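The sequence and structure are shown first.

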Amino acid sequence: MLLSQEYREQWSVSSKVIFRFIFLYFSFYILFLFTGRFFFEDFFAWVGKNILKSEGRLEYFPTGSGDTTMAYISIFVQIIFTILGTIFWSFLDRNRKSYNKLSYWFIVFIRIVLVIFMLAYGFAKVYKTQFPAPNLTQLLQPLGKFSPMGLAWTYMGHSEGFNLFTGLIEVLCGLLLIPRRTQTIGSILTMMVMFQIVLLNLFYDIPVKQFSIHLFLMATLIFLTDFKRVWRVFVRNRSVEDYKFYHPINSKEYHKLIFWFKLVMVIIFLSTMTYQGYTSERKFGDKREKSELYGIWEVSNFEINGENKPPILTDSTRWRYLIFDKKGIASIKLMNNKSKWYNAEYDSIKHELDIFRRIDSVDHSPFKTFRNNNNLSLEGTFYGDTLSIHLKAINLKEFPLINRPFTWVKETPN
């Protein structure tokens with residue numbers, strides 16, 4: 001069978017052609033994934049403009065999306081190169097009897113790639129950096145204003161325990177894929193995990209659809225290496241004979257060296273992921289440093305250039321809320337429900353609050369602050385306007401999403 005772990009003297013013509021296609025497809029995918037923006041950007045842009053007549057953004061740019069126009073052009077080029085490469089390879093290498101060695105090392109490479117991503121994404125959940133808890137600004141956002149992706153992120157970010165569970169499962173997937181003898185159960189578990197993630201990305205329009213689908217396909221490839229035995233045991237209810245895994249190198253010293261190499265690399269990788277996760281969670285995640293003025297402050301009185309602004313919902317200049325969450329950041333929610341983000345520096349000794357954007361060249365000066373328990377007053381100049389603002393802190397315990405305790409007994413649903 002194609003990609004079987006058993007040694008076969010002669011492969012069928014169809015098996016060789018299919019293997020060549022699979023080998024080239026995933027080789028090009030991984031090559032473009034890691035080097036596309038560095039070596040192929042101009043070529044992809046040319047293909048998009050002249051062949052596909054694309055009107056999308058034909059350049060790589062900083063984004064959290066993996067489903068950009070350039071990403072789809074990359075897939076298109078990958079498929080074309082794979083088809084042409086398979087044709088030429090099949091012609092030039094038509095007399096080869098088998099690909100036992102190349103198949104073995106190909107699966108090893110796929111396992112390495114999959115292990116790295118499963119461990120990386122697993123630790124991003126164990127230390128809750130991929131799905132942080134909803135910030136204070138999001139607590140004021142109406143449910144209908146959430147995007148499907150934003151809703152999924154809030155759902156995942158709400159529970160630290162669920163993040164820990166899903167993260168540990170992904171870490172377990174990665175660890176099981178490392179030893180040859182556990183790669184089958186590791187691939188099955190990875191397929192289950194990744195299939196759920198693929199569906200989440202598809203149905204909640206999360207822009208890592210291409211990437212998650214390919215990780216699922218990689219796990220499927222590894223599973224197919226032992227499909228015959230799995231089918232015989234779990235479907236046909238038949239016994240199977242033990243067999244030695246095919247390996248192109250039979251040296252005991254080599255296998256011993258590889259064992260210790262894997263062990264050392266796992267320790268180094270897990271230690272690195274642990275350190276990065278620990279520090280990132282305290283920099284960006286739920287354990288991030290909070291602002292000295294942490295909270296949601298509702299504006300009760302707003303004067304601009306001596307004129308009192310009533311709280312009209314269509315007003316695009318009057319502040320409705322001033323929100324402090326992560327230290328160094330503030331968001332202003334206007335009456336028309338739009339939010340603006342700023343840098344914020346608070347001097348508790350001088351009682352001054354500086355709200356500004358580092359990218360702006362407009363002169364700004366700090367507000368003088370007067371705080372009395374849950375009341376806060378700001379007076380100063382803000383981007384050319386003289387402001388006098390009185391605010392009152394909202395009781396954060398009023399938000400069930402961040403305060404509802406876990407209970408075993410519940411007579412009625414919330």
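## Burial and overall form

In this predicted model, buried residues make up 40% of the 414 residues in the protein chain. The secondary structure of the protein chain comprises 12 helices and nine strands.

The radius of gyration of the protein chain is 28 Å, whereas a compact globule of 414 residues would have a value near 22 Å. Along the principal axes, the C-alpha trace of the protein chain spans about 90 × 60 × 45 Å. Among the contacts in the protein chain with a separation of 6 or more, 60% come from residues 24 or more positions apart.

## The pairing of H1 and H9

Two packed helices are described by the angle between their axes and the distance between the axes. For helix H1 (residues 13-39) and helix H9 (residues 209-224), the axes come within 12 Å and cross at roughly 140 degrees. Because angles over 145 degrees would count as roughly antiparallel and those from 65 to 115 as roughly perpendicular, H1 and H9 are therefore oblique to each other. The crossing in which H1 passes H9 is left-handed.

On the H1 side, the residues that meet H9 are Ile22, Tyr25, Phe26, Tyr29, Ile30 and Leu33, and their counterparts in H9 are Gln210, Phe211, His214, Leu217, Met218 and Leu221. Sorted by class, the contact of H1 with H9 holds 10 nonpolar and two polar residues, with no charged residues.

Most residues other than glycine have a negative phi, and most peptide bonds are trans. Against that background, which value does the phi of Lys53 take? Phi of Lys53 is near 55 degrees, which is a positive value in a residue other than glycine. Lys53 lies in the loop that runs between helix H2 (41-50) and helix H3 (69-92), and because its relative accessibility is 60%, above the 50% cut-off, Lys53 counts as exposed.

Asn337 is also a residue other than glycine with a positive phi, here near 80 degrees. The loop that holds Asn337 is found between strand S4 (329-334) and strand S5 (339-347). With a relative accessible area of 28%, which falls between the cut-offs of 20% and 50%, Asn337 is partly exposed.

Technical notes
Residues are numbered from 1 along each chain as its sequence is written. This is a predicted model: local features need pLDDT of at least 70, side-chain atom pairs count only at pLDDT 80 or more; totals for chains, interfaces and linings use all residues. Side-chain values use heavy atoms; hydrogens and water are left out. Axes are lines fitted to C-alpha atoms, for helices over the stretch in contact, and angles run from 0 to 180 degrees between N-to-C directions. Helices (H or I, at least four residues) and strands (E, at least two) are DSSP runs, numbered from the N terminus. Angles under 35 degrees count as roughly parallel, over 145 as roughly antiparallel, 65 to 115 as roughly perpendicular and the rest as oblique. A crossing is left-handed if the near helix is turned anticlockwise from the far one by less than a right angle, and right-handed if clockwise. Contact means heavy atoms within 4.5 Å. Ala, Val, Leu, Ile, Met, Phe, Trp, Tyr, Cys and Pro count as nonpolar, Asp, Glu, Lys and Arg as charged, and the others, Gly among them, as polar. The radius of gyration is taken over C-alpha atoms; the globule rule is 2.2 Å times the number of residues to the power 0.38. Buried means under 20% relative accessible area, exposed over 50%, partly exposed in between (1.4 Å probe, protein chains only).
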